[in-house]
Amino acid sequence: FVCALYMMWVLALSELSVAMPFAGGPLAYGRRAVGPAFGFIMGWSMFLEALFATIGTAIATGGYIYYVGQLLFPGLVDEKLTTTIAGLGTVAVFAVIQWIGSQRQAQLMEWMTYGAIVALVWFWIACIPGVRLERIFSETEPLLTNGWTGVLRAIPFAIWWLVMIETVALAPEEAHEPHRTIPRGLTLAQITLIVLVILTWFFAAAAGTDYTKTGDEKMSYPLPFVYGEVWPGSAHLIAFSILAIFGMIVSYNGMIYATSRQSFALGRAGYLPRALGHVHATRRTPDVSIFVWSLVVAGFVVWGYFNEGAVLDAVLTCNLTALIW
């Protein structure tokens, strides 16, 4: 259901991004379709989607780094402290990368994406010995363990697997030949993502011994966790976990990109303080937006130190605002 929803969404966005090639994305679409008020709702819902996706990913990245630290130094790593420090480090590094320029961050994002895909393929292959089809197609229990209610409750988390691919539509002002590259890139990216999502879901569900542990609200590193169940204590588990961090940080890079661009567009249109619409004189990046929202994300990462449900709150808020726009 969610893959079909997103496929239709990105096809519509690819057309809109060509018709209205502005960094504002939904802000521009809503204003053109209905008027300023609708543009405000569209632009703000996209902005909040991007901001809370960034927050959730920053905290989850810290969780992945904690897991690696626990493997390397068992019993010596504090979970909350490591997660918070690693999350803050991610925020600081990518604020600088985004400030340097769109071309550089896009090049870095491309290589990290390749690393993340390699990690997923590695995960699929490693999980093959642990796959049990009865964990997906049970003969002793109903096919849908919690019925259709369970399906509906799972949808926000399924959205999280695909959320933010639509931010490609925010790049036409910084792309060469956007009428060709944006629709092609967005559609191919979505098809690729659907394949990655379905295969990762299959192996995580079929190889994980207990879905209640894999899907626990506090579990922010499910893939290394399942990998560890199939290959407990192995050296390649550590290597995989390190590579899997690429998947988290490349997501963060794309999400802070989207947050800063939508903030820039809202500031330029007067829906946020106009200072947020400022562009660096030589680097042509929305520098004020990048640093303001990086500080906000950092504040939420610190808040996550005191609130174990911070990631869940961020994920659900992100998905709700995505559905609105």
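Biologist: Let's start with helix 11: which helices are included in what covers its buried residues?

Modeller: Keep in mind that this is a predicted model. Helix 11 spans residues 287-306, and among its buried residues are Ile290, Trp293 and Val297. What covers the buried residues of helix 11 includes helix 3 (36-72), helix 4 (79-100), helix 10 (235-269) and helix 12 (310-324).

Biologist: How far does helix 11 reach from its first C-alpha to its last?

Modeller: Helix 11 has 20 residues, and at 1.5 Å a residue the expected reach is 28 Å. The model comes close to that, with a reach of 30 Å.

Biologist: What arc around the axis do the buried residues of helix 11 cover?

Modeller: The buried residues of helix 11 include Asp287, Ser289, Ser294, Ala298, Val301 and Gly304. They are on the same side of helix 11, because they cover an arc of only 160 degrees.

Biologist: Which residues are exposed on the other side of helix 11?

Modeller: Exposed means over 50% relative accessible area. Phenylalanine 306 counts as exposed because its relative accessibility is 64%. On that other side of helix 11, the exposed residues are Leu295 and Phe306.

Biologist: Phenylalanine 306 has a ring, so how is it arranged with the ring of tyrosine 305?

Modeller: Tyrosine 305 is partly exposed, at 29% relative accessibility. The two ring centres lie 5.0 Å apart, and the planes meet at 80 degrees. Planes over 60 degrees apart count as edge-to-face, so the pair of tyrosine 305 and phenylalanine 306 is edge-to-face.

Biologist: Now to helix 5: is tryptophan 111 buried or exposed?

Modeller: Tryptophan 111 is found in helix 5, residues 102-127. Its relative accessibility is 63%, so tryptophan 111 counts as exposed.

Biologist: How many residues apart are tryptophan 111 and tyrosine 114?

Modeller: The structure holds 18 aromatic pairs. Tryptophan 111 and tyrosine 114 form an edge-to-face pair, 5.9 Å centre to centre with 75 degrees between the planes. Both lie in helix 5, about one turn of the helix from each other, and their separation is 3 residues.

Biologist: What distance separates the C-alpha atoms of tryptophan 111 and valine 250?

Modeller: Tryptophan 111 and valine 250 are 139 residues apart along the chain. In the model, their C-alpha atoms are separated by 9.0 Å.

Biologist: Which backbone oxygen does the side chain of asparagine 319 reach?

Modeller: Asparagine 319 lies in helix 12 and is buried, with a relative accessible area of 2%. The residues it touches include Phe157, Ile159, Trp160 and Val163. At 2.3 Å, its side chain reaches the backbone oxygen of proline 156.

Biologist: Which residues touch the most other members of the largest nonpolar core?

Modeller: This core has 84 residues, and helix 3 gives the most to it, with 15 residues. The residues touching the most other members are Tyr6, Phe123 and Val297.

Terms used
Residues numbered from 1 in each chain as written. Predicted model: local features only at pLDDT ≥ 70, side-chain atom pairs only at ≥ 80, totals over all residues. Heavy atoms only, no water. Helix = DSSP H or I, 4+ residues; strand = E, 2+ residues; numbered from the N terminus. Expected span 1.5 Å × (residues − 1). Buried < 20%, exposed > 50% of the residue type's maximum accessible area, 1.4 Å probe, protein only. Arc of directions from axis to C-beta. Contact = heavy atoms within 4.5 Å. Polar contact = N/O pair within 3.5 Å; in protein donor to acceptor, adjacent residues only side chain to side chain. Core = buried A, V, L, I, M, F, W, Y, C linked by side-chain atoms within 4.5 Å. Phe/Tyr/Trp six-rings, centres within 6.5 Å; stacked < 30°, edge-to-face > 60°. Lists of a residue's contacts leave out its neighbours within four places in sequence.
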